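Please look over the structure below before reading on.

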Protein chains: 2
Amino acid sequence: VVLILEITVVLNSQSNEPLYFQLYSFLQKEIVDGRLGPDTKLPSKRKLASHLSISQTTVETAYQQLLAEGYVKSEPRKGLFVTDLQTDLLSVVKENPLNRDMYTQVHPTNPIKVDFAHGKIALNEFPFSTWRKLTIQSLYEEESHLLLSGHRQGDLPLRIEIAKYLYQSRGVCCEPDQILIGAGTQYMVSFLTMLIGRERTYSMENPGFHRSREAFKDQGVKLLGIELDQDGIKVEDLRKSGASVTYVTPSHQFPMGMVMPISRRMELLAWAHETESYIIEDDYDGEFRFTGKPIPSLQGLDQHGRVVYLGTFSKSLIPSLRISFMVLPPTLLTLYQNRYSIYKQTVSRLHQQTLYLFMKEGHWNRHLQKMRTTYRRKQATLLSLLSEKLGKQVTVIGVDSGLHILLEVHKQMTESELVNLAEKHGVKVYPTSVYYSSFDQHYTPKILLGYGGLTEKEMELGVELLKKAWEIRAE
Amino acid sequence: VVLILEITVVLNSQSNEPLYFQLYSFLQKEIVDGRLGPDTKLPSKRKLASHLSISQTTVETAYQQLLAEGYVKSEPRKGLFVTDLQTDLLSVVKENPLNRDMYTQVHPTNPIKVDFAHGKIALNEFPFSTWRKLTIQSLYEEESHLLLSGHRQGDLPLRIEIAKYLYQSRGVCCEPDQILIGAGTQYMVSFLTMLIGRERTYSMENPGFHRSREAFKDQGVKLLGIELDQDGIKVEDLRKSGASVTYVTPSHQFPMGMVMPISRRMELLAWAHETESYIIEDDYDGEFRFTGKPIPSLQGLDQHGRVVYLGTFSKSLIPSLRISFMVLPPTLLTLYQNRYSIYKQTVSRLHQQTLYLFMKEGHWNRHLQKMRTTYRRKQATLLSLLSEKLGKQVTVIGVDSGLHILLEVHKQMTESELVNLAEKHGVKVYPTSVYYSSFDQHYTPKILLGYGGLTEKEMELGVELLKKAWEIRAE
């Protein structure tokens, strides 16, 4: 039995909501609440329009919306009927929980006077006006073609510039075709587990870069930590481990700071060649070597295509740009091209174009040169402050390269005591133990000090505060 | 027995290479080639400097570099000795293979006159001067703080704007805290398998979005294809499959184009609630619904926290920006915050800030409104062209929403015949069968036509060419 209803609804023509939408909302609610039950026939457009003194188009639009959303169904030559909706389920339509007042940004009062965070860089040295000029130039070029998706590996002009730079400065030998640009090192690491395969056993330096370690683990691969000696990862241990992929930071081991000497590099490459393993070489701050020229990369020494080189512009340019890249050896490149070419590029083309111009016009080399001097000076300042104020009570480790050093404090204090005492005195320093994948009972507390983003004044205050915090006496 | 050598080397003070580097290179080569064998003692700085008539500092710098790279080692109070390098391995030091001439960009002559690609959008409608103005404004703000890494989920102001927009336009109810910004849908899909867990069985619509399908597979999860009926994914089949995660495109099924009616939505949500499964709702072009207002999202209907909502600015703004986002339900949000907070944000802060201003100042809503009209008009044009020129020889599918339609051609031709004939006549159209995860013997050839990036003229030419290609007669 089909019941034909007369519907009465108050429509407000002064409202912000269009009439059709008011009508639609009313009917939708009637259906949801069950007052218009399953198989109820809606009045014809003509009838309802005349009854409500509105146009047939308005009714038509409301009906179309109900139809589109499935609240009613159409039976040819018969009309529109209410759908059976299992109304108990429909009571779930929610109210808006969004309370915007909760999200006014809060800036907590920060009692920290000096922060030796290792991720900070010297932004004030960044050639901002040049970068801005090139961004604006790219914006105008963008109008034509840069709005569309670009090449999946990143735009070729930028890859050519990166290849040139890598060869000249890092001893990396590659074709632009081997370069894959992407949004950050963690993205690259995740992508690599897919490319190299999750069935292999992975390994990395222990201690090592925590963000990469977590990325490997989260990809569900078996990951072993390999101990270091003074030259870096112990290849002998690597051999015994059975791993067939290893992740290393040979330019400036993170966090210990040693530079892998050539003999260890050759040993590591020999291992990879003999066991058909892959080496992932993360050159995260290889540009900032302070004594002599940068050391040639593993990639440049490798003749058997066993090295994946990872680089980033986060340390040397701007962290917020999110531009990293990797250089794939031929086997992985072929695999990528055949099997994984469906993945789109993750970096904005505007930034790619800007960086391309920045490199091509020589700003990049000049900037690097300048930053090397800046950081060398900063490090020298920090080292002399430490020596002057803390003297023989501390030992400094890992000074050849990079934007951080380690400190061993010769006091009978645990790492967390050292960190907490410093924080109480308004200076933030960082533990090194967090970079270990397993507990080592012979571990000596080591404090990590980043200095890339600090001024001389801040470093001076910071070291002064550390002296107080750790109660180090003048000698 | 230690042999003390006299070294003779020709240094060129007119060269671009610094003297220390020439000396370093010479010694390094002597060591690598084995002419300076293991344990050879290098002459003292003083001696060599005087012998070569150069400064001691130059020798010192060259020695330091050799030391740093491990070619020599220092023995306290004895001097520097050549390291045992296993010289056979060292012959691997490579020459530069980079041939830059190969990489001048090639633009192949393209015989295609009209391309019905579905990824294209109407770029000429983009409010470019506004976007450029806001980018430049952001560039100036960037100088202060935007250069540093931002919030891992994306900057809060942008997340607040996205939450407001989602509520108003898509019926998505969420706190800005639940939003995670990231570099593209495939990145999000990969990230989600990590978050939801790779031990679950995944499923998705069949046919379905190929880029997501590959991303799921590449994450190593078990992935099942679930058949569609006229309302979208068959929940009955989903129940039987044993999957506990499903990926759907309810606003405009990709590629079939149906809009999932409310009854099917409720059924799907009930399944997720009862089986504690997750629904990944990809609203890839949900903004472009042409009849009536957009349909509320699954996320907005869900009361049990079983839906992850995925959105992107690629279709509605600029593909090359690479900004997507997802809305996590509370359980996954907690897991993310506790366990995966180590992952850095992948989207440039400059673009986040620009998009924030674009949304806040109302340009986004205006732009969407305009694009909806534009695409509606384009679709209407295409439909009338198809009806006029191809008449009853074709059936059009999936016209309620989105930027593409499907065409069934009533000729005894396979899909690839249709595609190839079109290409021969200078018009690129796309197969639909590629979106199926398994072969279906009842499959009817369907041609996919995207129209977002085409002008009326181009569409007219395109349809005209299709008519010729497929030998469709006027009726």
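Helix 14 of chain A and helix 16 of chain A pass each other in a right-handed crossing, where a crossing is called right-handed if the near helix is turned clockwise from the far one by less than a right angle, and left-handed if it is turned anticlockwise. This is a predicted model, in which local features need pLDDT of at least 70 and side-chain atom pairs count only at pLDDT 80 or more, whereas totals for chains, interfaces and linings use all residues. Residues are numbered from 1 along each chain as its sequence is written, chains are lettered from A and ligands numbered from 1 in the order in which they are written, and side-chain values use heavy atoms, with hydrogens and water left out. Helices (H or I, at least four residues) and strands (E, at least two) are DSSP runs, numbered from the N terminus.

**Helix pairs**

The axes of helix 14 of chain A and helix 16 (residues 456-469) of chain A come within 10 Å and cross at roughly 25°; axes are lines fitted to C-alpha atoms, for helices over the stretch in contact, and angles run from 0 to 180 degrees between N-to-C directions. These two helices of chain A, helix 14 and helix 16, are therefore roughly parallel to each other, since angles under 35 degrees count as roughly parallel, over 145 as roughly antiparallel, 65 to 115 as roughly perpendicular and the rest as oblique. Contact means heavy atoms within 4.5 Å, and the residues that make it include Leu382(A), Leu385(A) and Leu386(A) of helix 14 of chain A, and Met459(A), Glu460(A) and Val463(A) of helix 16 of chain A. By class, the contact of helix 14 of chain A with helix 16 of chain A has 6 nonpolar, 1 polar and 6 charged residues, where Ala, Val, Leu, Ile, Met, Phe, Trp, Tyr, Cys and Pro count as nonpolar, Asp, Glu, Lys and Arg as charged, and the others, Gly among them, as polar.

In chain B, helix 6 (residues 156-170) and helix 13 (residues 349-360) pack at an angle of about 40°, with their axes 9 Å apart, and helix 6 of chain B and helix 13 of chain B are therefore oblique to each other. Helix 6 of chain B passes helix 13 of chain B in a left-handed crossing. Among the residues that meet are Leu158(B) and Ile162(B) in helix 6 of chain B, and Leu355(B) and Met359(B) in helix 13 of chain B. The residues of this contact of helix 6 of chain B with helix 13 of chain B comprise 7 nonpolar, 1 polar and 2 charged.

**The sheets**

In chain A, 4 strands form an open sheet in the order 12-13-16-15, with antiparallel pairing; two strands pair if DSSP finds at least two bridges between them. Its edge strands, each pairing on one side only, are strand 12 (394-397) and strand 15 (430-431) of chain A. Strand 13 (residues 404-409) of chain A is joined to strand 16 (residues 447-450) of chain A by 4 bridges, and the bridge partner of Ile405(A) in strand 16 of chain A is Leu449(A). Helix 14 (residues 363-390) of chain A packs on this sheet, touching strand 12, strand 13 and strand 16 of chain A.

Chain B has an open sheet of 4 strands in the order 12-13-16-15, again with antiparallel pairing. Strand 13 (residues 404-409) of chain B and strand 16 (residues 447-450) of chain B pair over 4 bridges, and Leu407(B) has Ile447(B) as its bridge partner in strand 16 of chain B.

**Backbone details in chain B**

Most residues other than glycine have a negative phi, and most peptide bonds are trans. The table gives two cis peptide bonds of chain B.

| Cis peptide bond | Omega |
|---|---|
| Asn206(B) to Pro207(B) | about 5° |
| Phe254(B) to Pro255(B) | near 5° |

Pro207(B) lies in the loop between strand 5 (201-206) and helix 8 (210-218) of chain B, while Pro255(B) is in the loop between strand 8 (245-248) and helix 10 (262-275) of chain B. Arg322(B), a residue other than glycine, has a positive phi, near 60°, and is found in the loop between strand 10 (307-312) and strand 11 (324-327) of chain B.

**Confidence**

The model scores ipTM 0.71 and pTM 0.75. The mean pLDDT of chain A is 85, and 89% of its residues reach 70 or more; pLDDT is the predictor's confidence in each residue, from 0 to 100. Within chain A, confidence is lowest in helix 4 (residues 87-90), at a mean of 40, and highest in strand 8 (residues 245-248), at 98. Over residues 87-110 of chain A, pLDDT stays under 50. Where pLDDT is low, the predicted coordinates should not be read in detail.
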